[in-house]
Each structure stands twice: as C-alpha cells, then as structure tokens.
Amino acid sequence: MSLISTLARLEAVETGRAQPVATVRHRHLTGRPLVCVPLTTAGEAGAPLGALVGTDRDAPRLLVVPQPRDRDLRFAFLAELADVVLPYIDSYAADVEAAERSETDPETGKRVKVEVELCADAPQLIVPSRAGIDFVRLLGRSMRFRRTAEQDPEAPHPAPPRVPLLGRWLTHYGERARVPGSALLLALTDVLSRHWATGQSSLEDQHLGALLAWIDPPEGESGAGAALRAELLRDGRGQLVCPPAGPATDPAFDNKLLAPAIERYDRARTALAAAEDGVEADDRLGELTAAEQHIRELVASRTRPTWDAVWQGLDLLRALPEGGHAADRWTRDRWSFTGHRDRVLAGEPPQPRRDDAVTAANKLATREREQARLEAQEALDDPLVMAGRRLAGEAFAGEVTDVVMAYGEGRRPVPRPLVTVRTDDRPQPAERARVYRSLGGRPQAAEFVGHEDDGALVVLRIVDKMGRGKEPEPGSLPEKGDRVCFTLFEHEQRGGAKLPDPEETPWTHGGPPGDGSPPPDAVTEEDVL
Amino acid sequence: MNKATLASALGSPSAFGQSQFAFMRGNAFEARVKADGGAELLRLVHERLDPEAPPPKGGAVPDLGASGPEGRTARTALALREATGTGGWTLLDHPLLALDVAGSPAFLEPDAVVVHPDGSWTVVEIKSFPMLDGSADAAKVGAAARQSAVYVLALEQVAAHVDPAPRVRHTVLLVCPKDFSNLPTASAVDVRKQRSVTRRQLERLTRIEEIADSLPEGTCFAPDLPPDRLTAAVESVPATYAPECLSACELAFHCRDRARAQDAVTSLGRSLRAELGGLTTVGSVLAAARGESGDPDDPAVAALRRAAALRSEALGGVAAPRAAAEAVPCP
C-alpha cells in the first residue's frame with residue numbers, strides 16, 4: 001500500500017467516510033452481469049446450502065438445498081444452478097465478430113494471420129467477496145469430473161446431465177479470476193476497495209456490509225458508525241442484522257435457526273417414507289413441503305441483504321467513468337471466454353486436476369505479464385494512481401522548459417531532440433535509461449540524459465515516434481510550456497519466449513501429459529454424507 | 001478466566017462460535033478415522049511416516065480414563081511410558097498433556113498420539129477440511145501445524161521424564177477427508193519451524209505473576225463488576241491492538257474500540273503503522289501531512305507532505321496551495 005492510499009485511509013477515519021483511491025473505474029462492467037450470492041454448509045467441503053442468482057436485481061432466483069448432506073438434493077441444486085448459469089453463458093456464445101489471430105502454420109512454420117471468431121461480449125459473474133471466488137472454484141472442481149448416466153452408465157451416483165459442463169465453466173471462471181485485471185469473475189469487495197479507502201483495516205474491508213457503509217453511509221450517519229452496526233448489530237433473536245456475505249454463514253444462525261429447521265425437514269421426510277396409506281402420505285407431504293418452505297425462507301433471509309448490497313455496490317461503481325484501458329483488458333477476457341467456448345465445443349476433456357508443466361508455466365507467465373500490464377494501464381488511466389508511482393520515483397510529471405533540436409550520429413541524420421522538463425518529482429533513472437510517455441495512446445520512448453539545476457530539471461532525448469523524415473512530424477514532440485508525464489516503466493508488455501506445445505513437453509518436465517479424460521472422484525458409499 | 005464472558009460484560013461481545021454442523025461433521029469424521037481400534041489411522045501413520053516399521057496388526061488402544069485433568073495427565077504419561085517399550089503400535093485416543101505457559105499449567109488434548117514400534121511418538125491431528133487433489137487450504141494447514149507444534153512441545157516435556165527419553169517426532173500426521181468424500185487421507189507435516197517459534201514465544205512470555213504484580217492492588221476481572229470499573233481493570237493490563245487480533249482474541253472488539261478512541265494508527269493495520277515513523281495517531285499524521293505540525297526534516301513527515309501534495313493535485317483539489325505553486329512554476 002502506498003503512502004497515498006494510507007493517507008486516504010486516515011482521511012477516511014477523520015471524515016467518517018470512505019475516500020477515493022481511484023478517479024476512474026478500473027474494471028469493465030457489462031450491462032447484464034450475473035450476480036451469485038452463494039451460501040455453504042459449515043464444515044462440509046463443497047456442500048452448498050443455497051444461492052441467490054440472476055441478472056435482474058428485482059427477481060433473483062432462490063436455490064436451496066434443504067438437507068445439504070444429501071447427495072441427491074445437492075445434485076438437484078447443482079442442476080438448477082446449471083439451468084440458470086448455462087443459458088446465460090450460451091446467450092453470449094453465439095454472438096460473434098470476426099477477428100484475426102496470428103498462428104504458426106504447421107507446414108511452413110511461419111506466423112500467419114487466421115480469421116477466427118471472437119465473442120462480441122462475455123458473460124460476467126459477480127460474487128460478493130473473495131471467499132465467493134474460492135467457492136466458485138471449489139464448486140467447479142466438485143462438478144467437472146462427475147459422470148452423467150449418459151457418459152458412463154455404470155457410474156455410481158450419476159450426476160444430472162449439465163452439471164459436469166457447469167463445473168468446467170465455473171473452473172474456467174475461477175482460474176481466470178487469478179489473472180490480474182481480469183473481470184470475468186469479480187469479487188465485489190475487491191473491486192470496491194480498489195476504488196475507495198475506508199477508515200478500517202483491509203482485513204475488515206472483506207465485510208461487504210461494513211465496506212458499503214463506509215462508502216455510502218445512510219443519510220445523516222457516519223461511515224464508521226454504520227460500519228460498526230453492519231458488522232456487529234444483532235436482533236432480538238441474536239441474529240446479525242446484516243448477515244455475512246458468505247459463503248460461510250454465522251454460527252448463531254446455524255445453531256439457532258438452521259439446525260432446528262433442517263431437523264424438522266429430516267423428521268418430515270422420515271415420516272413421509274414411513275407413511276402407510278395415501279391419506280397419511282398426503283398429510284405428511286404437506287408437512288415436508290412446509291418444512292422445506294421454512295428452510296427456503298431462512299436462506300432467503302440470509303442472502304437477500306447481500307444480494308441488495310451487491311447491486312448497491314455495482315451502482316456505486318457504475319457511477320465512476322470507466323478507465324481508458326479497461327476495455328482493452330475486457331477484450332482479453334472475451335478472448336479467454338471464446339477460447340474456452342471453443343474447447344467445450346471441440347469436445348475436449350475437462351481441465352485436469354493438476355496442470356501439466358507447459359500449461360502451468362504459461363499460466364504463470366500470463367499472470368506476471370498481466371500484472372505488469374495492469375499496473376502500467378491503471379497508472380496511465382488514472383492520475384491518482386500515477387501520483388503513487390510518482391511518489392515512488394517510478395514516474396515524473398512536469399513542464400517542458402526547453403526543446404533543442406539535435407540529430408543522431410548515424411550516416412542518415414535522424415532527429416534526436418533534447419527535451420528539458422522541470423519537475424518536483426525525484427526520479428532516479430540510470431544513465432541512458434528509457435522513459436516513456438503516452439502520445440495519442442502509443443508510448444513514445446526517450447533516453448535519460450541527465451539532471452540539471454540540482455535535480456529540478458530532467459534532460460531527455462526523444463528517440464522514436466517522430467516519423468521517417470529529417471524533421472519530426474508535427475505534434476510528435478512536446479513544446480515549451482506543455483505539461484508532460486514520463487514513466488520509468490514500459491506501457492506495453494512483450495510476451496516472453498514461446499513455450500513448446502504440451503505434447504512436446506520434455507521428459508525433464510514430466511513428459512507429455514497423458515491423454516484421455518481424468519477419472520471421476522471416489523464417492524462416499526452412503527447417500528447422506 | 002473466560003475472556004468471552006469478560007468481553008460481553010465489557011459491552012463488546014466476541015463473535016466467535018462454532019456451527020453445530022461443523023462440529024458434527026468434525027466428530028463424525030474423527031470417529032470414522034479412529035474406528036476399528038484405529039486400524040485406518042495406524043495404517044496411515046505407517047504408510048506416511050514409518051514405512052520401514054512392521055505394518056500394524058491391531059495396535060493397542062489403552063484406556064486413558066481418569067478423574068480430573070491431573071489424573072488424566074498422569075494416566076497419559078503412564079500409558080506412554082508403558083507403550084514405549086512394547087515394540088508394537090499403540091494409539092492413544094485423546095490423551096491429556098500439560099504444558100507450562102507463563103508459569104501456570106495449561107491442559108492440552110491432541111486428537112491422538114501414536115507410539116511407533118521403535119518407541120518414538122507422533123502427534124496426529126484430525127481436521128475436517130478437505131484435502132483436494134493432495135493439497136489443502138494453506139491457512140488452515142498452517143493453523144493445524146501451529147496447534148500440533150504445541151502438542152509436540154508438551155509431549156517433549158513428558159518424554160523428558162522417561163529414561164531413556166523416547167524421541168518425539170517433529171513430523172506430525174495431518175488427517176483430512178479426501179476430496180469431496182469422507183474417506184480419510186493423510187499428509188506428513190514438518191512442524192520443526194512452528195515448534196521452535198512456539199518454544200521461543202513460550203520462553204519469552206512474561207510470567208503471569210509478574211503481570212499480576214504490576215497491577216494495582218485490588219484489580220478484579222469479575223464479569224459482574226460495574227462496566228466502568230471492569231473497563232478500568234482491563235485497561236490496567238497493557239495490550240496493543242492490531243486488526244489480526246480480530247481472528248484470534250475474544251477481547252479484540254473491546255481493544256479495537258479503545259484503539260479507535262485513542263486515534264491509534266495501528267487499528268488500520270500493522271504495515272501502515274510501519275510507514276509512518278514516529279507518528280502514532282491519526283490526528284498527528286494528518287496534521288503533519290498538512291504541514292500544521294511535525295519536523296520537515298523528518299523523512300516520514302517529508303514523505304507524507306509530498307504524498308498529500310500529489311494526492312490533492314491528482315484529485316484536482318485546491319487544498320494544497322504550496323504543492324500547486326511548486327508543481328506549476330511561473331513561466
């Protein structure tokens with residue numbers, strides 16, 4: 001955290017309201033994101049309790065597992081979830097635009113341009129908190145290796161048809177969320193705290209209710225007070241008024257409300273199974289339905305406040321203008337989505353449990369590159385982020401005080417003008433180090449020549465983007481009196497060395513990955529875990 | 001002293017609690033792992049920690065029942081001593097160990113301790129979080145390792161009283177459910193680092209008598225005292241709050257309220273406190289940043305002023321005329 005955001009936090013403490021740490025929105029938001037507020041059962045791995053999902057803030061779909069430990073009910077929940085999520089994903093898969101991608105021609109080995117499809121937009125998934133992203137990943141992992149009855153008639157406990165497919169999509173989204181700057185799957189607390197600093201610690205910022213209270217406190221109340229209420233206030237029954245955003249539930253809710261309700265449901269189910277005639281069965285079915293309805297109401301009461309909070313947070317974010325480079329990063333997300341769509345269509349097996357060496361190295365390289373790209377782009381889009389980089393000595397801004405024409409030493413005279421900038425910043429570039437400024441969206445490079453006037457003046461030699469002629473093209477040079485901002489970091493990231501295809505993995509790295517689809521997980525014998 | 005009751009009496013109740021679902025699941029899993037006289041558990045210990053030893057065939061499971069914690073501790077020590085010479089596998093189910101913490105004994109109950117045929121002892125920790133594709137949540141594994149390290153230290157104290165002293169293994173066995181099933185799988189966890197950290201911390205802990213001596217005469221923490229007297233009593237014990245306390249201590253909300261009331265910078269995070277040099281309150285930092293106080297030659301103050309100037313410039317504010325004048329020199 002830079003000193004600038006530290007100051008913002010302290011100002012937030014003083015004013016009782018969150019302070020901006022960004023002047024533009026650094027993540028793309030689509031017009032129709034799919035919001036998902038999941039709840040999980042304490043102590044179980046990947047046993048959802050319920051979820052609110054949907055794209056319409058006024059009409060979320062409530063999905064509930066009345067007995068989370070029952071495998072069949074869990075599958076029913078996942079199938080329902082697939083019925084909501086997969087049509088939403090499919091609705092983006094068909095709308096494509098033509099794009100070009102360079103590929104290596106297998107016969108000649110040359111790089112050639114090929115026409116490919118790129119989805120015009122991509123489905124965007126929003127979860128309340130970072131734990132929600134982990135849960136999406138966990139759900140994906142729990143589903144993608146399941147076999148349906150169609151795939152494997154012998155499999156014990158076959159999964160409903162579209163569940164493995166949903167698992168593959170959720171896995172893809174969960175993996176993509178690890179790429180810095182990606183917006184396919186966003187945790188709202190992360191995005192909000194990227195844009196606002198609150199007067200509490202970043203640990204406490206993980207609480208969506210408290211975070212929103214700081215950013216947008218109710219009329220006439222301080223953010224600090226509202227946040228404290230959101231965090232701790234309990235009603236007469238000892239329940240949190242602002243339930244945690246999940247997926248974990250409050251233990252008091254589990255013990256006082258949920259456990260008795262599930263017990264009632266279990267009793268009703270056992271009674272129904274033991275019914276001896278139709279009339280008795282009807283009565284007991286009624287009781288079972290009532291018990292299930294009660295659990296549904298409980299789950300709704302815990303998820304609805306978070307659901308509303310997520311949409312409130314999205315409204316706050318939408319009020320910020322989108323940063324200039326966010327669309328560029330979203331295009332990369334669209335490529336990612338299109339790529340996975342193609343893999344699914346091509347009938348490729350689900351993502352393996354462990355990546356092979358080449359895939360893992362590629363993923364790491366991508367994350368590093370995207371991290372550097374994100375940092376550079378955010379600074380270019382946002383003067384407040386750039387201020388942090390200037391404070392750190394990684395950029396400097398100032399006024400041009402002098403431009404002297406000079407030429408390179410080669411046989412053909414090329415313009416190498418010297419530009420003097422007066423700045424308060426204290427950059428410490430090495431001799432002949434490259435610095436960059438943005439010229440119409442493209443980086444223009446300069447070489448550092450030296451300091452003058454005790455460091456207040458920086459002399460640079462511009463080296464490119466001046467056209468081919470002897471005289472620099474008009475507009476390609478700063479003029480005396482212009483405000484300029486140079487960075488010591490590069491604006492665009494180069495890809496690293498190319499790795500071999502996974503099929504060509506050398507034996508030192510484990511050799512080519514085995515083919516065929518991975519085996520399904522071992523299942524527990526009992527129907528109820 | 002029950003810190004949770006104390007916190008409630010102070011008006012800042014702790015938010016800790018365990019869901020009965022997690023509790024039931026944990027118990028059911030532990031029972032499954034220890035079923036059949038611990039056959040599955042001993043098999044895992046043999047496979048993961050001691051494959052050279054003869055495979056366990058129905059290890060001994062001594063009865064550790066006794067009255068009172070002291071009785072159970074003594075019974076455990078006796079059972080350990082007896083098992084060490086037998087040359088077979090022994091499983092101690094929920095033994096009770098005593099450890100000296102700051103001068104007063106604390107009783108610890110590991111999930112299980114296994115005595116190997118070579119006479120060495122291993123701590124077994126059974127957790128109900130899943131091991132997915134061979135790896136588990138790093139934070140939870142770390143917590144389990146720290147917990148086990150304390151058991152190892154307590155076992156070493158027991159071993160020191162046996163002659164010849166048996167070896168307490170520094171690799172513990174962590175047993176978790178495999179993937180999404182309730183089948184147990186295990187992993188060896190090396191706790192040497194956690195063990196030495198814990199030992200150092202235990203040695204450096206101020207002894208309770210010394211803390212008690214430093215308190216004013218008549219200090220009492222009884223939860224039924226009037227709140228103001230109770231608050232004063234708690235205040236007399238120094239504590240430095242940091243946000244990490246929230247996940248560990250029942251009194252954290254109380255300390256947080258006090259830290260906020262004192263305007264302490266640490267309530268926003270330890271790393272943030274480290275950046276600010278000698279400035280410890282929010283008010284003094286902001287005053288220094290605005291140029292109202294502080295020594296301009298102090299590097300922390302100078303950096304703050306520069307940061308404040310850059311921030312207001314970027315926000316397009318007019319709050320920092322000094323900075324604006326510097327940033328745009330008259331042509």
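**Where the chains touch**

I began with the contact, which takes 45 residues from chain B and 44 residues from chain A. This is a predicted model, so I'm reading computed positions throughout.

Next I looked up what chain B brings to its side. The elements giving two or more residues there are α2 (20-49), α9 (270-275), α10 (282-289), α11 (299-314) and α12 (321-327) of chain B. Which of them gives the most? I found that α11(B) does, with nine residues. I also sorted chain B's side by residue type and got 26 nonpolar, eleven polar and eight charged.

**The sheet in chain B**

Then I moved on to the strands. Chain B has an open sheet of five strands, in the order β1-β4-β5-β6-β7, with mixed pairing. I noted β1 (90-93) and β7 (184-190) of chain B as the edge strands, since each pairs on one side only. On average, neighbouring strands here are turned by 25° against each other, direction ignored.

I zoomed in on one pair. In chain B, β4 (residues 112-115) and β5 (residues 121-126) run antiparallel and are joined by four bridges. What is the bridge partner of Val115(B) in β5(B)? I looked it up, and it is Trp121(B).

**Helices across the sheet**

Helix α3 (residues 68-84) of chain B lies across β1, β4 and β5 of chain B, at about 170° to β1(B).

Key
Residues numbered from 1 in each chain as written. Chains lettered and ligands numbered in written order. Predicted model: local features only at pLDDT ≥ 70, side-chain atom pairs only at ≥ 80, totals over all residues. Contact = placed C-beta atoms within 7 Å. Nonpolar A, V, L, I, M, F, W, Y, C, P; charged D, E, K, R; others polar. Pairing = 2+ DSSP bridges. Axes fitted to C-alpha atoms, helices over the stretch in contact; angles between N-to-C directions.
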